[in-house]
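Hello,

Here is the structure I promised to pass on. Please open it first; my notes follow below.

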Protein chains: 2
Amino acid sequence: MKEIKAFAFDAYGTLFDVYSVTALCEQLFPGKGIALARLWRTKQLQYTLLRSLMGRYRDFGKVTEEGLLHAAKSLDLDIAPGKLTQLTEAYLRLEIFPDVKPGLIALKKKGVRLAILSNGSPGMLKAAAEHSGIVDLFDRIISAGEAGVYKPSPRVYDLGRAAMNVKNDELGFVSSNSWDINGAASAGLATFWVQRSSSEPPEELGFTADRTVKTVEDLAQIT
Amino acid sequence: MKEIKAFAFDAYGTLFDVYSVTALCEQLFPGKGIALARLWRTKQLQYTLLRSLMGRYRDFGKVTEEGLLHAAKSLDLDIAPGKLTQLTEAYLRLEIFPDVKPGLIALKKKGVRLAILSNGSPGMLKAAAEHSGIVDLFDRIISAGEAGVYKPSPRVYDLGRAAMNVKNDELGFVSSNSWDINGAASAGLATFWVQRSSSEPPEELGFTADRTVKTVEDLAQIT
């Protein structure tokens with residue numbers, strides 16, 4: 001592996017815990033919170049893939065809303081516009097994983113540049129990063145929207161190179177999503193899989209992370 | 001809607017019941033059959049999307065195998081090569097939905113040309129169609145492999161036009177998968193959603209089927 005000149009972090013599921021919306025889901029739909037939160041996330045991801053392949057890119061905020069709408073209908077839940085707004089707005093205030101802030105600070109102290117490289121829209125990413133007090137640690141927030149397609153299209157990972165002024169293999173891409181690691185590796189980036197749960201097997205998509213760590217703090221230790 | 005000059009059918013989930021492998025899953029992994037069959041199908045579909053977007057097309061038989069491998073690992077099941085082969089070979093002998101054969105025969109009697117337009121490889125599709133005694137009803141078996149990408153890329157739906165010598169809006173695309181209907185509609189085909197379960201909401205991807213029917217027999221009645 002070459003020397004890593006900058007790190008680009010996936011946001012949802014890596015920095016921010018997408019399941020921190022579960023409590024609000026449960027409050028609005030008692031007994032169905034876990035099912036709704038899970039299906040919402042599944043649909044949100046699936047819709048990014050389907051729309052990208054159809055050539056019908058739409059803003060991540062809208063895709064998140066469409067995923068929620070379908071998840072609620074599938075579970076036969078009556079989701080009034082008020083509840084829909086309440087839940088999609090919760091995406092602007094997702095909780096951060098506890099290892100993230102200390103890990104980012106440790107990396108920053110080493111002088112390495114940091115970015116977010118995410119499917120999220122710039123506004124959503126900025127709001128979540130501000131909410132959790134990490135926005136100032138990043139040199140750049142890079143959104144898939146700039147490419148008009150979602151990950152794992154190589155066009156999205158390629159945005160990191162231009163934004164951070166490095167070669168693809170000098171950019172360390174960090175994600176907890178194994179499919180995202182496969183996509184980044186396929187595009188030629190150096191990859192760091194944050195595997196928080198040891199029971200989660202890697203995806204069978206032909207690539208392996210250059211390094212696997214348990215937390216972002218561990219990542220700061222090994223680099 | 002224009003006059004439909006030919007129909008192209010999705011295969012897996014539309015003609016063939018992908019969950020007919022559940023009994024074999026249960027036999028090989030008692031108590032885990034339903035979970036394995038479901039996760040296998042989910043992963044198979046997800047991998048077609050991810051690989052397409054990564055630009056890493058691989059034969060559907062291999063993607064089906066990779067999906068099974070990941071599903072088994074996720075459920076902590078020890079899947080020996082023998083069991084893997086047994087299960088992937090079951091995909092060549094999937095059961096047909098009971099409305100399919102009478103529906104196809106009724107359409108054929110009206111003089112309309114029929115095709116399969118599927119993510120499956122030619123060999124897999126031919127084997128399944130032969131096994132269920134419907135292979136002679138089709139004028140063409142069209143595989144996404146010819147485009148080197150999976151549905152819902154418009155390049156796959158466009159294969160139907162050339163193969164059947166019709167315009168896109170003269171080709172009726174039939175699928176039980178709502179995401180597939182959205183993809184075909186986005187590519188300009190006329191769309192017929194076979195919604196076998198009335199509790200299944202359509203996907204929120206911006207398109208609506210031109211017609212929705214309960215069965216392939218109903219489709220023959222309305223056309």
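Where does A:Pro152 lie? A:Pro152 sits in the loop between strand S5 (140-143) and helix H7 (154-164) of chain A. (Helices, H or I of at least four residues, and strands, E of at least two, are DSSP runs numbered from the N terminus.)

Before the rest, some ground rules. This is a predicted model: local features need pLDDT of at least 70, side-chain atom pairs count only at pLDDT 80 or more, and totals for chains, interfaces and linings use all residues. Residues are numbered from 1 along each chain as its sequence is written, chains are lettered from A and ligands numbered from 1 in written order, and side-chain values use heavy atoms, without hydrogens and water.

Now the peptide bonds. Most are trans. The bond joining A:Lys151 and A:Pro152 is cis, with omega about 10°. In chain B, the bond from B:Lys151 to B:Pro152 is cis, with omega near 10°.

Next, Asn165. A:Asn165 is not a glycine, yet has a positive phi of about 55°. The loop between H7 and strand S6 (171-175) of chain A holds A:Asn165. A:Asn165 is exposed, at 68% relative accessible area (exposed means over 50%, with a 1.4 Å probe and protein chains only). B:Asn165 also has a positive phi of about 55°.

Best wishes

How values were computed: Buried < 20%, exposed > 50% of the residue type's maximum accessible area, 1.4 Å probe, protein only.
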